[in-house]
Amino acid sequence: MSVETVLGDVAHGGVVVARIDGKVTFVTGGLPGERVLVDVRERGTRFDRGVVTEVLDPHPQRVVPPCPVAGVCGGCDWQHADADLQRELKRRVVEEQLRRLAGIDWEGEVVEVLPRWNWRTRMRYRVANGRPGLRAKRSHDLVPLPDEGCRIAVTQDPGERPGAGELQVVDAHSGHVEIVDGRVAGEPVVTERAGGRDYRVAAEGFWQVHPHAADVLVDAVLRSLEPRAGERAVDLYCGVGLFAGALDGRGCDVLGVELNKEAVAYARRNVPGARFQAASVDRFLGRLPKRADLVVLDPPRKGAGRAVVGAVAAMGPRAISYVACDPAALARDLAFFVAAGYEVTRVEAYDLFPQTYHIECVATLTRNSPLH
Ligand SMILES: C[S@@+](CC[C@H](N)C(=O)[O-])C[C@H]1O[C@@H](n2cnc3c(N)ncnc32)[C@H](O)[C@@H]1O
């Protein structure tokens with residue numbers, strides 16, 4: 001049964017907060033201030049989850065989502081908001097996470113990165129009866145691709161795949177690669193380009209997804225660290241050496257640490273001037289250099305955590321650049337850095353995942369006082 005309510009502010013995760021029968025309810029498909037009908041679909045002890053079934057009083061920046069499965073598949077959360085409102089919603093989420101979890105008053109903006117459609121260079125589909133589909137939001141159900149395909153994917157319509165169970169599509173700088181049921185059709189390695197350098201990466205390996213993400217982030221990290229030739233730099237969670245390459249290009253002496261052995265093998269070839277260690281960062285803390293001038297860290301979604309932050313601070317770098325795909329994890333780690341004697345001097349936010357709730361941030365930290 002649907003309940004009429006007026007939606008409150010945006011919350012992290014592509015939802016808007018409502019109070020229904022006195023209980024916090026995270027609602028998808030709505031926008032702040034809208035009067036809507038909500039269907040409460042999941043009941044929890046602390047909060048419920050609901051979906052907008054009808055908009056009675058729309059937000060002035062509401063638009064008709066171009067995709068018929070927008071909000072149903074797990075990909076797009078904000079197709080029903082115009083471009084400016086999407087960035088404003090993300091700005092409020094970053095602002096709120098930084099204030100609540102790190103006590104930081106952030107007054108930045110979310111920088112638009114084009115294109116806003118057909119930007120996903122990596123897509124993973126499940127295939128049923130030959131038709132690729134996407135996972136439904138918060139469920140394992142399959143949502144068949146609409147006839148036009150996925151509007152945020154570079155290859156919008158991958159076509160039918162009779163007999164297949166899974167399809168991955170990679171649109172790299174070097175070209176289009178498909179991986180069907182784990183088998184790569186063609187070259188298993190692709191070439192990507194960032195900061196004027198080529199990087200080889202396994203077709204299934206990690207690379208930033210938006211076609212301009214790697215360039216945007218390299219530029220942000222270099223502005224953040226202002227590296228000088230001869231400085232000792234550490235790139236944690238380095239993948240195939242994206243930031244290590246940028247720092248090596250500025251004449252730094254670079255050490256990269258990355259869990260994935262295959263990525264490390266590519267990193268060694270991509271950036272022959274740097275050293276790389278295949279290891280989990282949290283198990284490598286005792287073997288980190290005693291001192292470093294610069295550190296860049298780009299951990300997975302859950303963040304780096306207190307122990308890694310403590311070890312980074314113990315190297316006493318004059319500047320740290322923290323690249324984060326989850327503002328909540330970033331904020332928690334920034335609070336650890338502040339406790340360890342660092343000051344957050346800048347946080348930049350980039351809309352590298354248009355139409356979705358995801359957001360990429362780059363924080364700059366500098367040491368409060370000289371090391372003894
Ligand atoms: C967000 S990606 C960043 C990669 C690289 N900086 C880039 O932009 O291409 C995070 C990387 O961390 C690696 N990773 C995940 N957990 C790790 C761990 N515990 N220790 C080291 N690397 C880890 C992943 O394999 C992945 O390459």
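This is a predicted model: local features need pLDDT of at least 70, side-chain atom pairs count only at pLDDT 80 or more; totals for chains, interfaces and linings use all residues.
The shell around the ligand comprises 18 residues, among which Tyr-237, Gly-239, Leu-259, Val-281 and Asp-298 are the closest. Two secondary-structure elements, helix H3 (242-249) and strand E17 (253-258), each contribute at least two residues to this shell. Sorted by class, the residues around the ligand are 11 nonpolar, four polar and three charged.

Strand E21 (residues 342-351) pairs with strand E7 (residues 110-112) and runs parallel to it, with three bridges between them. In this pairing, Glu-112 lies opposite Asp-351 of E21. Strand E21 also pairs with strand E22 (residues 360-367), here in antiparallel orientation and through eight bridges. Within the antiparallel pair, Tyr-342 has Arg-367 of E22 as its bridge partner.

Helix H5 (residues 306-314) and helix H6 (residues 327-339) have axes that come within 9 Å of each other and cross at roughly 40°. The two helices are therefore oblique to each other, since angles under 35 degrees would count as roughly parallel and those from 65 to 115 as roughly perpendicular. The crossing of H5 and H6 is right-handed. On the H5 side the contact is formed by Arg-306, Val-309 and Ala-313, and on the H6 side by Asp-333, Phe-336 and Phe-337. Four of the residues in the contact of H5 with H6 are nonpolar and two are charged, with no polar residue present.

Conventions. Residues are numbered from 1 along each chain as its sequence is written. A residue is near a molecule or strand if its C-beta atom, placed from the backbone, lies within 6 Å of it. Helices (H or I, at least four residues) and strands (E, at least two) are DSSP runs, numbered from the N terminus. Ala, Val, Leu, Ile, Met, Phe, Trp, Tyr, Cys and Pro count as nonpolar, Asp, Glu, Lys and Arg as charged, and the others, Gly among them, as polar. Two strands pair if DSSP finds at least two bridges between them. Axes are lines fitted to C-alpha atoms, for helices over the stretch in contact, and angles run from 0 to 180 degrees between N-to-C directions. Angles under 35 degrees count as roughly parallel, over 145 as roughly antiparallel, 65 to 115 as roughly perpendicular and the rest as oblique. A crossing is left-handed if the near helix is turned anticlockwise from the far one by less than a right angle, and right-handed if clockwise. Two residues are in contact if their C-beta atoms, placed from the backbone, lie within 7 Å.
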